[in-house]
Amino acid sequence: IEAHVATGTHTALIPNRISYFLNLHGPSLPVDTACSSSLVALHKAAHAIRRGECEQALVGGVSVLCSPTHFISFSKTGMLSPDGSCKTFDERANGYVRGEGAAMVLLKPLATAIADNDRILAVLRGSAMNHGGHARTVTYPSSLAQSNVIAQALREAAVPVGTVSYVEAHGTGTPKGDPIEIEGLKMAFARVAAERGEVLDERTCGIGSVKTNVGHLEAVAGMAGLIKTILCMRHGVLPPLVHYRKLNPRIALEGSPFFIVDEAQPWATRITEDGQLIPRRAGISSFGFGGVNSHVVVEEY
């Protein structure tokens with residue numbers, strides 16, 4: 001144990017070092033809600049900007065797998081895929097795959113970004129977070145809680161539900177979690193659409209998950225999903241869900257607006273009845289294994 005062990009391993013020092021290095025004076029804090037950490041951080045940062053605590057915010061996440069401890073523990077709980085491939089929403093889904101990564105975005109008010117002539121990647125329309133409360137176990141996901149957080153983000157976004165044409169799912173590739181997530185999505189979209197008198201057409205909103213490409217980046221998972229979605233908007237393409245062959249039989253998509261993006265396809269833009277172009281819009285979900293759920297709605301600039 002050396003003198004630098006404390007400053008080198010304490011989670012508070014991760015954002016604190018960035019503030020120190022860049023001489024930033026606003027809030028500088030770690031957010032740990034497990035898998036949903038970076039999306040929760042995005043939600044909290046947006047609120048901090050709205051409250052005037054800061055003018056802009058660096059929001060990110062980092063996941064470094066430098067110890068076998070959690071690999072062994074998660075393996076013994078049956079969470080990890082024994083063959084090392086993430087098969088989200090597939091009938092062969094058998095657990096998640098751990099991945100390393102780091103990602104960061106700069107968040108600032110849209111009017112300020114326009115005035116500063118920034119390269120604007122996307123617009124955050126709405127965000128929400130909640131907890132599942134008491135469930136069967138502390139790690140058991142709740143479709144009702146997930147539907148509530150998605151519905152709240154949709155309400156805050158204040159856009160027609162039918163204009164959200166892609167969802168970057170949490171999609172861990174577990175036989176239990178995948179069907180629960182789809183049920184939550186279906187409930188949320190149906191509830192908010194009903195509140196607004198909207199009728200949702202079938203097969204109008206694709207679903208995918210970057211975890212099939214890079215694994216589950218845990219604390220960085222939400223940020224990875226956000227960046228993937230922004231890249232999809234930039235290129236106007238929805239990439240296929242890797243390793244997907246056949247839908248998990250416990251998932252039913254009939255009668256819902258959702259479909260699995262099983263092959264690369266153009267991300268079509270839509271036109272309003274009066275000829276106005278509707279920007280591409282997407283929802284991004286990130287759910288912590290301790291019960292903290294987060295969802296954000298973004299649109300292309």
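Visitor: How do α6 and α7 lie: parallel, perpendicular or oblique to each other?
Guide: This is a predicted model. Helix α6 spans residues 143-157 and helix α7 spans residues 177-196. Their axes are 8 Å apart, at an angle of about 40°. Angles under 35 degrees count as roughly parallel and 65 to 115 as roughly perpendicular, so α6 and α7 are oblique.

Visitor: Which hand has the crossing of α6 and α7?
Guide: The two helices pack with their axes 8 Å apart. Where α6 passes α7, the crossing is right-handed.

Visitor: What divides the residues of the contact of α6 with α7, by type?
Guide: From α6 come residues including Leu144, Ile150 and Leu154. Among those they meet in α7 are Ile180, Leu185 and Arg191. By type, the contact holds 10 nonpolar, five polar and six charged residues.

Visitor: Which element gives the most to the largest nonpolar core?
Guide: That core has 32 residues. Elements giving two or more residues include α3 (37-50), α9 (221-235) and β12 (292-299). With seven residues, the one that gives the most is α3.

Visitor: Which residues does Leu226 touch, leaving out those up to four places away in sequence?
Guide: Leu226 is among the residues with the most contacts inside the largest core, as are Leu42 and Val298. Beyond those sequence neighbours, Leu226 touches Leu42, Val105, Ile284 and Val298.

Definitions and conventions: Residues numbered from 1 in each chain as written. Predicted model: local features only at pLDDT ≥ 70, side-chain atom pairs only at ≥ 80, totals over all residues. Heavy atoms only, no water. Axes fitted to C-alpha atoms, helices over the stretch in contact; angles between N-to-C directions. Helix = DSSP H or I, 4+ residues; strand = E, 2+ residues; numbered from the N terminus. Parallel < 35°, antiparallel > 145°, perpendicular 65-115°, else oblique. Left-handed = near helix turned anticlockwise from the far one by under 90°. Contact = heavy atoms within 4.5 Å. Nonpolar A, V, L, I, M, F, W, Y, C, P; charged D, E, K, R; others polar. Core = buried A, V, L, I, M, F, W, Y, C linked by side-chain atoms within 4.5 Å. Buried < 20%, exposed > 50% of the residue type's maximum accessible area, 1.4 Å probe, protein only.
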